[in-house]
Amino acid sequence: MNGYGGGSYGLSEPKGLRERAREYALLPLRLFLGVTFVYAGLDKLTDSGFLSATGPGSIGEMMRGVRDSSAIPALVDLALKSPEGFGYAIAVGELLVGLGTLVGLWARLAALGGALISLSLWLTVSWQATPYYYGNDLPYLMAWLPLVLAGASMFSVDAFLASRRRRSM
């Protein structure tokens with residue numbers, strides 16, 4: 001396309017500011033979520049108190065504290081069967097989601113993982129926040145959705161692999 005509704009004439013039209021902004025629009029969100037989830041995962045993995053079944057600041061105490069106020073108490077009960085295992089699963093999940101998002105490898109799948117982590121935390125840990133927008137997990141869930149839909153088209157392993165596939169055809 002030549003930008004005026006006509007066909008391609010073999011000429012590459014320079015991209016306008018709006019088109020460039022549209023291409024890069026999700027990059028700040030991707031960087032923020034990626035860095036935040038990497039940090040959250042590492043923070044949990046290096047905090048032995050968090051990865052305990054009991055004690056101040058432990059995943060077990062947190063789960064017991066929110067059990068009766070969560071939207072899905074059965075999910076909390078499942079986590080309480082092995083608080084340490086659940087803590088490791090959340091921490092490793094956050095780390096993998098964050099790294100996948102930052103490098104743009106399987107970006108939609110990583111974003112879906114981030115959305116599912118945020119959803120599960122919203123329905124359990126931050127469900128009792130009143131009004132609902134005081135809970136931080138719901139905005140994270142909403143922030144992941146554009147990346148689930150659009151993926152990582154700029155500065156990503158996915159984009160690099162897609163361009164290699166197009167060139168080899």
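This report walks through some helices, loops, salt bridges and a surface patch in a predicted model.

## Before we start

Residues are numbered from 1 along each chain as its sequence is written. Since this is a predicted model, local features need pLDDT of at least 70 and side-chain atom pairs count only at pLDDT 80 or more, while totals for chains, interfaces and linings use all residues; side-chain values use heavy atoms, with hydrogens and water left out.

## How α5 and α6 pack

Let's begin with a pair of helices. (Helices here are DSSP runs of H or I with at least four residues, strands are runs of E with at least two, and both are numbered from the N terminus.) Two packed helices are described by the angle between their axes and the distance between the axes. For α5 and α6, the axes come within 8 Å and cross at roughly 145°. Those axes are lines fitted to C-alpha atoms, for helices over the stretch in contact, and the angles run from 0 to 180 degrees between N-to-C directions. The crossing of α5 past α6 is left-handed, a label used if the near helix is turned anticlockwise from the far one by less than a right angle (clockwise would be right-handed).

Which residues of α5 and α6 meet? On the α5 side you'll find Gly93, Glu94, Val97, Gly100 and Thr101, and on the α6 side Ala110, Gly113, Gly114, Ile117 and Leu121. Contact here means heavy atoms within 4.5 Å.

Val103, Leu105, Trp106, Leu109, Leu112, Leu116, Val157, Phe160 and Leu161 make a nonpolar surface patch of about 830 Å². To join a patch, a residue needs over 30% relative accessible area and no salt bridge; nonpolar side chains (Val, Leu, Ile, Met, Phe, Trp, Tyr) are joined within 5 Å, and like charges within 9 Å. The areas come from the Shrake-Rupley method with a 1.4 Å probe, and for residues only the protein chains shown count as cover. Helices α6 (107–124) and α8 (157–168) each supply at least two residues of this patch.

Leu105 sits in the loop between α5 (83–103) and α6, and it counts as partly exposed because its relative accessibility is 34%. (Buried means under 20% relative accessible area, exposed over 50%, and partly exposed in between, with a 1.4 Å probe and protein chains only.) Trp106 lies in that loop between α5 and α6 too, and its relative accessible area of 60% makes it exposed.

Trp106 has something else to show you: a positive phi of about 50°, although it is not a glycine. Phe155 also has a positive phi of about 50° without being a glycine. You'll find Phe155 in the loop between α7 and α8, where it is exposed at 58% relative accessibility.

There's also a cis peptide bond, which joins Thr130 and Pro131 with an omega of about -10°. Pro131 belongs to the loop between α6 and α7 (137–150).

## Salt bridges

Side chains of opposite charge can pair when their charged atoms come close. The rule is a side-chain nitrogen of Lys or Arg within 4 Å of a carboxyl oxygen of Asp or Glu, and it gives a count of six salt bridges. Lys15, Arg20 and Glu23 are linked in a network. In the Lys15–Glu23 bridge the closest N and O atoms are 2.6 Å apart, and in the Arg20–Glu23 bridge they are 3.8 Å apart. Arg20 and Glu23 both lie in helix α1 (residues 17–24), three residues apart, or about one turn of the helix.

Another bridge joins Arg67 and Asp77 (2.8 Å, N to O). Arg67 is in the loop between α3 and α4 and Asp77 is in helix α4, so the pair ties together parts that are ten residues apart in sequence. Arg67 is partly exposed at 27%, and Asp77 is partly exposed at 30%.

## Two buried residues

Is Ser70 buried or exposed? Its relative accessible area is 8%, so Ser70 is buried. Ser70 lies in the loop between α3 (59–66) and α4 (73–81) and touches Val76, Leu123, Thr124 and Trp127, leaving aside residues up to four places away in sequence.

Lys44, in helix α2 (residues 27–45), counts as buried at 18% relative accessibility. With residues up to four places away again left out, Lys44 touches Phe50, Leu51, Ile90, Ala91 and Glu94.
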